[in-house]
Each structure stands twice: as C-alpha cells, then as structure tokens.
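Keep the viewer open while you read.

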Amino acid sequence: MGSAELLKMTHSVDGKVMGVDDRVKGVEGKMQDVRDDVQDVRGDVQGVGNKVQNVRGDVRDVDDRVQDIGKDISIRVQGVDDKLDQANRSLFL
C-alpha cells in the first residue's frame with residue numbers, strides 16, 4: 001500500500017515538474033520574441049540614424065548653395081554700385 005502511495009506521489013510530482021518545464025519553455029519562447037523585437041527596433045533606429053545623416057548632408061548642400069548665391073548677389077550688387085558711381089561721375093563732369 002505504501003509503495004502504491006509513493007508511486008502515486010512520484011507521478012504527481014513528475015506531472016508538476018513537466019508542467020513547470022512547459023511553462024519555462026513558454027517563457028523562453030516569449031523571451032526570444034522580445035529579443036527579436038529588440039533587434040527589429042535596433043534596425044529601425046539605425047535606419048533613422050542613416051536618414052538623419054542624409055538630412056544633415058542635404059542641409060550642408062543647401063548651406064553651400066545659399067553661400068554661393070550670397071556671393072553671386074554680392075558681386076552683382078557691387079557691379080550695380082560701380083555702374084551707379086560711373087553714372088554719377090558722368091553727370092557731374
């Protein structure tokens with residue numbers, strides 16, 4: 001009778017251990033899902049970083065163009081000033 005009870009308790013403990021094992025495997029699967037999600041987020045963040053770099057490069061290009069336009073305008077204004085000076089001198093001679 002005692003052996004039968006011991007066998008019954010052993011099967012009960014074995015069943016509970018198997019249940020715990022299944023739950024641990026479920027948690028491990030969820031942890032892998034989280035790892036995969038973190039990896040996806042890391043990839044997304046890297047993509048955003050690359051886009052920011054591209055925008056930074058575009059801003060530099062625009063800045064260079066604005067400087068070039070500013071130089072061109074300055075040269076043209078100087079040319080207009082020179083012509084006005086010549087016109088004024090012609091009027092007074």
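## Overall shape

The protein has 1 helix and 0 strands (both are DSSP runs numbered from the N terminus: helices are H or I with at least four residues, strands are E with at least two). With a radius of gyration of 40 Å, well over the 12 Å that the globule rule gives for 93 residues, the protein is more spread out than a compact globule. That radius is taken over C-alpha atoms, and the rule is 2.2 Å times the number of residues to the power 0.38. Along the principal axes, the C-alpha atoms fill a box of roughly 135 × 15 × 5 Å.

A word on ground rules: this is a predicted model, where local features need pLDDT of at least 70 and side-chain atom pairs count only at pLDDT 80 or more, while totals for chains, interfaces and linings use all residues. Residues are numbered from 1 along each chain as its sequence is written, and side-chain values use heavy atoms, with hydrogens and water left out.

## Distances along the helix

Gly2 and Glu28 sit 26 residues apart along the chain, and their C-alpha atoms are separated by 39 Å. For Asp64 and Asp82, 18 residues apart, the separation is 27 Å.

## Surface and burial

How much of the protein counts as buried? Of its 93 residues, 0% do (buried means under 20% relative accessible area, exposed over 50%, partly exposed in between, with a 1.4 Å probe and protein chains only). Gly2, at 54% relative accessibility, counts as exposed, whereas Asp64 is partly exposed at 41%.

The accessible surface comes to about 8600 Å², and 59% of that belongs to carbon and sulfur atoms. Areas come from the Shrake-Rupley method with a 1.4 Å probe; for residues, only the protein chains shown count as cover.

## Salt bridges

The count comes to 2 salt bridges (a side-chain nitrogen of Lys or Arg within 4 Å of a carboxyl oxygen of Asp or Glu). One joins Asp21 and Lys25 at 3.4 Å, N to O. Both residues lie in helix 1, 4 residues apart, about one turn of the helix, and Asp21 is partly exposed at 31% relative accessible area.

The other pairs Asp72 with Arg76, whose closest N and O atoms are 3.2 Å apart. Because Asp72 and Arg76 are 4 residues apart in helix 1, about one helical turn separates them. Asp72 is partly exposed at 36%, while Arg76 counts as exposed at 58%.

## Charges and patches

The protein carries 15 positive and 19 negative side chains, and the centres of the two sets lie 2 Å apart. Lys and Arg count as positive, Asp and Glu as negative, with His and the chain ends not counted; each charge is placed at NZ of Lys, CZ of Arg, CG of Asp or CD of Glu.

Which residues form the negative surface patch? They are Asp33, Asp36, Asp37, Asp40 and Asp44. Asp33 is found in helix 1 and is partly exposed at 45%. A nonpolar patch of about 270 Å² is made by Ile69, Ile73 and Val77; Val77 is in helix 1, residues 2–92, and is partly exposed at 44%. Patches take residues with over 30% relative accessible area and no salt bridge, joining like charges within 9 Å and nonpolar side chains (Val, Leu, Ile, Met, Phe, Trp, Tyr) within 5 Å.
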